[in-house]
Amino acid sequence: MIQDNYNIPAQLTQLISSEQAYEYQVVPISEENKTLVLKCLNATEVLKQELEIILGRSISLVEDSKEHIKQYLSSNFRINTNGNSKAFSYSNDFLEQLLTTAKSIGSSDIHFETYENKCRVRFRLDGKLKEYYIISKEEYPIIINKLKIKSGLDISEKRLPQDGRITIKTNSEEFDIRVSSLPILHGEKLVLRILSKDADHIELRDLGLSVEELRIYKESIKKPNGIILISGPTGSGKTTTLYATLKLLNDDSTNILTIEDPIEYTLEGVNQVQLKENIGLDFSKTLRTFLRQDPDVIMVGEIRDAKTANMAIRAALTGHLVLSTIHTNSAWATVTRLVDMEIPPFLIASTLNVSVAQRLVRQLCHYCKTEQVADANDFPNSFIVPKELHHKSVSVGCDHCNYTGYQGRKAIYEIIPITKDLVLHIKNNTLEIDSYLKQQNIVTLKDNAIAMVKNGLTSIDEVYSLLI
């Protein structure tokens, strides 16, 4: 794992752009009496003078090895997919550059947070948050107001949460950002979700489904009516799976309608509606209208309550294919959740085609991962360690993965097709069916997680919560 002393505080990394850091092979390690201390390969007077001119401040140079400088750079100045570097100097166009930089390095969310003595910006990369910038208490409200204006929020309203949207256009791309404001103890917290506008690149076969899982799922969505439910926590890739499904179903002979909050991707040929609860345009009301729009396929962004669930059931009963997401921990828990919403079991049994649960798991960097002997103490107490699992792969960290030890994520699934036997279980309200699922060789999230560990694709730490 990366040593702690290779992590440079955000207030230092933002003092030098990563273009400058990589060009001159220097990294900031401290600030003493208004002098910026930089580690470098060769501490020459020429380098010192050039950096003082470029950065406009007094510089002190400290020599370090090439290997250490490389690790400092990789750990703190991320390179995006186009080969450009991550950071930039704090300037008047800080906000614009921050948004485009977050998108270019693959960040899914940007967090603006204020506390009693400091304000910071964190990026979520591969599911984990990392602090990238420190903002002064004086500048923070100015930046927040700029963001609120850009996203159409009321800057005078600081007591209630608000939601808005920003469209960013660059020379090479256009993307949307969903903005959520929240009043907190020391001001306002903003979370920006970066949305990919184009779904053309999403393919169901590329999402991580096994051959058998893909066969079962495709068989379920080919039915002319019924409900397809995908469960999982926020950020587990549910929406991506839904859009990949819609892309497969989308053709000139099919009328597809969606109600979403927010619209994360756009699909040519699909009629997409943005939820607007402030004017009464909610999931259940829109679903009711959809039924008068001669739909073949309906996608509901999320089943949040019994009212929406009942409308989805009604749509399925009247000959439509309905796709939606729901927040549960497993595929079978989706059935119990619907029962908790007081949906009659016989209606669930007659409309549910398939229940899917999914998670996103970080994959170990194949350049630097290493193998160790596995020990029973590495696993939860309740977990029975497979006899063949003698070794485990662990993260090390290198410049390829920015010394995180991980590179990219893979979706794992749990798919339960609703068979005739399961229909009887649901109708009889028999909700404890673990032994039945085992008999039917249903591959669970836990099974897929431990398979990734066996194959050396991820670490035990990454899937620990799924093994409990």
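**Strand pairing and a buried glutamate**

Reply: Ile227 has Leu352 in β15 as its bridge partner. Strands here are DSSP runs of E with at least two residues, helices are runs of H or I with at least four residues, and both are numbered from the N terminus. This is a predicted model, in which local features need pLDDT of at least 70 and side-chain atom pairs count only at pLDDT 80 or more, while totals for chains, interfaces and linings use all residues. Residues are numbered from 1 along each chain as its sequence is written, and side-chain values use heavy atoms, with hydrogens and water left out.

Me: How many bridges join β10 to β15, and do they run parallel or antiparallel?
Reply: Strands β10 (residues 226-231) and β15 (residues 352-364) run parallel and are joined by 5 bridges. Two strands count as paired if DSSP finds at least two bridges between them.

Me: Which helix packs on the sheet there?
Reply: Helix α11 (residues 331-340) does, touching β10, β14 (321-326), β15 and β18. Contact means heavy atoms within 4.5 Å. The direction of α11 makes about 135° with that of β15; axes are lines fitted to C-alpha atoms, for helices over the stretch in contact, and angles run from 0 to 180 degrees between N-to-C directions.

Me: What is the strand order of the open sheet with 7 strands?
Reply: The order is β12-β11-β13-β14-β10-β15-β18, with mixed pairing. Strands β12 (271-274) and β18 are the edges, each pairing on one side only. On average, neighbouring strands of this sheet are turned by 15° against each other, direction ignored.

Me: What about β11, and where do its side chains point?
Reply: Ile256, Thr258 and Glu260 point one way, Leu257 and Ile259 the other way, and all are buried. Buried means under 20% relative accessible area, exposed over 50%, and partly exposed in between (1.4 Å probe, protein chains only). In a regular strand, side chains alternate between the two faces of the sheet.

Me: Changing topic: where does Glu414 lie, and what does its side chain reach?
Reply: Glu414 lies in strand β18 (residues 406-417). Its side chain reaches the backbone nitrogen of Ala331 at 3.0 Å. Glu414 is buried and has no salt bridge, defined as a side-chain nitrogen of Lys or Arg within 4 Å of a carboxyl oxygen of Asp or Glu.

Me: What joins β5 to β6?
Reply: Strand β5 (residues 119-125) runs antiparallel to β6, with 7 bridges between them. Phe123 stands opposite Lys130 in β6, and Arg120 opposite Ile134. Their hairpin has 2 residues between the strands, and Asp126 takes a positive phi near 50°.

How values were computed
Lys and Arg count as positive and Asp and Glu as negative; His and the chain ends are not counted. A polar contact is a pair of N or O atoms within 3.5 Å; within protein, one must be able to donate a hydrogen and the other to accept it, and residues adjacent in sequence count only if both atoms are side-chain atoms.
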